[in-house]
Amino acid sequence: MKIQELPAHQIHKLLVKKEISCQEVIREIFKTIGEKEGEIHAYLSFRDREKVLREAKKVDEKLKNGEKLFPLEGIPIAIKDNMCISGEKTTCASKILENFISPYDATVIKRLKEKGLIFIGKTNMDEFAFGSSTENSYFGPTHNPYDLERVPGGSSGGSAAAVASGEATVALGSDTGGSIRQPAAFCGVVGLKPTYGRVSRFGLVAFASSLDQIGPITKDVTDSALLLNVISGYDLMDSTSVNITLPDFTKSLIPQVKGFKIGVPQEYFVSGIDREVEASIKKSIKLLEAIGAKIEEITLPHTDYGIATYYIIATAEASANLARFDGIRYGYRSKNNKTLSELYEHSRAEGFGKEAKRRIILGTYVLSAGYYNAYYLKGLKVRTLIKEDFNQAFRKVDAILTPTSPTTAFKIGEKTDDPLKMYLADVFTISANLAGIPGISIPCGFSKEKLPIGLQILAPAFGEEKIFQIAFTLEQSLKK
Amino acid sequence: MVSNVKQLTLKKKTDKIIFLMKITKEDVVYISRLAKIKLKEEEVGQYQKNLEEILLYVEKLKTLPTEKVKETTHILSQFTPPPTSSPLEGEDKGEGGANRLRKDVAVKGLEQKDALSNAPAKKDGCFRVPKVI
């Protein structure tokens with residue numbers, strides 16, 4: 001098997017056995033980038049190659065000296081371009097941040113550096129993570145490695161495509177309404193949105209602060225657990241990060257689901273879901289049942305209100321968060337201004353893309369005097385109902401299994417003219433963000449057109465261990 | 001389409017019936033001023049259409065009775081320290097008193113030159129803006 005196709009834990013074994021050097025791993029990734037990046041466009045920027053190779057050389061020297069490596073030390077990682085790496089660009093795929101150089105490291109980046117991962121570059125995304133297809137990037141779309149005419153999903157489409165194509169071994173994405181899980185599903189990789197508060201967001205450009213979480217995009221479930229081990233934990237710099245004891249997530253990689261109660265929500269198998277997706281998910285459900293899990297039909301009665309609630313809360317928060325882009329302290333400044341007010345209005349008009357403006361305007365509207373109660377407050381109340389749905393369900397079951405997305409990857413351009421249609425692509429992933437709970441997407445099969453299908457497992461808050469155990473078991477069983 | 005929704009929301013019993021407003025171009029211009037984004041004429045028309053469609057979709061929330069439902073402002077408030085006998089309790093301090101502040105001690109922050117490193121215009125260690133008055 002080629003190095004660029006291997007998961008990180010296997011590369012680690014080869015490194016430790018000295019069957020391969022870290023510099024060779026990095027060169028293979030560079031080679032893959034050279035072959036594929038032209039047609040995929042997973043990245044927005046690359047780190048200096050000599051710098052990257054110097055870091056690899058250090059890992060090789062450590063190995064030569066008989067020093068022990070961290071589990072992901074020397075592993076090439078791609079970072080979504082909304083997380084700050086000191087001295088590197090962070091553009092959020094927006095013109096307004098086209099030339100922004102991060103003056104500090106995000107907490108996740110600091111943690112990855114401490115454990116020796118090697119950053120390859122920053123990946124493409126929908127501008128400010130506003131989208132489900134990576135088409136809303138100022139720098140052009142990313143193409144799905146399985147079919148170049150299709151989207152990789154979004155908003156972390158560049159990260160998912162990079163891992164799927166072997167342009168990186170692992171990656172980080174961010175997930176506000178499905179932005180890690182849906183592209184993972186479309187690209188046939190594993191994507192985890194951790195519990196709200198599990199991973200610090202310090203240094204992540206905020207989209208909707210009550211929903212955003214950073215998480216791993218990997219080739220398999222083992223890598224996902226390894227990467228979550230590195231990035232999770234309390235951080236003083238993020239007051240929403242939760243201070244609880246951290247488990248070793250790799251301890252949950254046990255191929256055993258006997259006694260697990262897994263809920264299947266009836267509301268997720270209604271009209272609009274692709275037949276092949278449905279069949280593939282049902283096959284996995286049967287498989288889990290055959291190996292000892294107890295499957296129960298459950299109900300999440302407010303599922304249908306998820307998207308409406310989400311687009312009120314997320315846009316309201318986005319309009320507030322994006323108020324910081326004023327053309328003064330950083331970012332694009334319009335030359336066309338005489339007064340301070342014009343400076344704001346023109347810099348933002350010229351710097352933000354179409355979808356960013358649409359969401360800021362919608363968010364400003366739902367927060368404006370006279371509409372706040374009718375929309376924003378209403379949204380917060382329905383959020384309570386959605387959260388309560390999950391609380392009820394998790395009294396009966398350990399985890400919930402659903403499709404990640406109602407369809408496989410759609411064609412580039414198919415939904416760009418209809419924002420509402422695009423929003424509906426997130427129907428199965430949005431509730432987890434609203435409820436603050438963790439969710440993973442793992443590949444569970446292919447359509448006739450050879451497009452990957454993703455399966456989602458949800459668990460109660462801080463129930464990532466359950467997710468890993470079920471996902472790992474299913475992954476191993478599907479291989480057989 | 002808009003008038004249909006009016007009837008529909010009136011038929012259902014909700015805690016607060018709000019009529020669906022037709023979004024006018026003037027509304028969009030007003031909102032864009034609040035958001036400090038200067039829109040072009042064609043953008044005003046486009047966003048007017050988008051906003052109306054999205055708000056029409058969002059109308060479905062109004063069919064849900066939520067009179068007795070408490071709004072969620074902190075999704076994982078059960079993981080933050082519960083309110084004590086604080087004299088501020090009952091005030092809008094966030095669900096579960098979840099405003100967590102660190103100790104008020106000086107720590108090293110971003111250096112001035114780093115904070116200014118991305119400024120489009122600066123002078124004498126300050127961000128430079130057009131004349132205000």
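Is A:Ala129 buried or exposed? In this predicted model, in which local features need pLDDT of at least 70, side-chain atom pairs count only at pLDDT 80 or more, and totals for chains, interfaces and linings use all residues, residues are numbered from 1 along each chain as its sequence is written, and chains are lettered from A and ligands numbered from 1 in the order in which they are written. Side-chain values use heavy atoms, with hydrogens and water left out.

A:Ala129 is buried, with a relative accessible area of 4% (buried means under 20% relative accessible area, exposed over 50% and partly exposed in between, with a 1.4 Å probe and protein chains only). The phi angle of A:Ala129, a residue other than glycine, is positive, near 70°. A positive phi, near 55°, is also found at A:Ala93, which counts as buried at 0% relative accessibility.

A:Ser368 is likewise buried, its relative accessible area being 8%, and a polar atom of its side chain lies 2.7 Å from the backbone oxygen of A:Tyr365. When neighbours within four places in sequence are left aside, A:Ser368 is in contact (heavy atoms within 4.5 Å) with B:Ile31 and B:Leu34.

The peptide bond that leads from A:Gly154 to A:Ser155 is cis, with omega near 10°.

Methods. A polar contact is a pair of N or O atoms within 3.5 Å; within protein, one must be able to donate a hydrogen and the other to accept it, and residues adjacent in sequence count only if both atoms are side-chain atoms.
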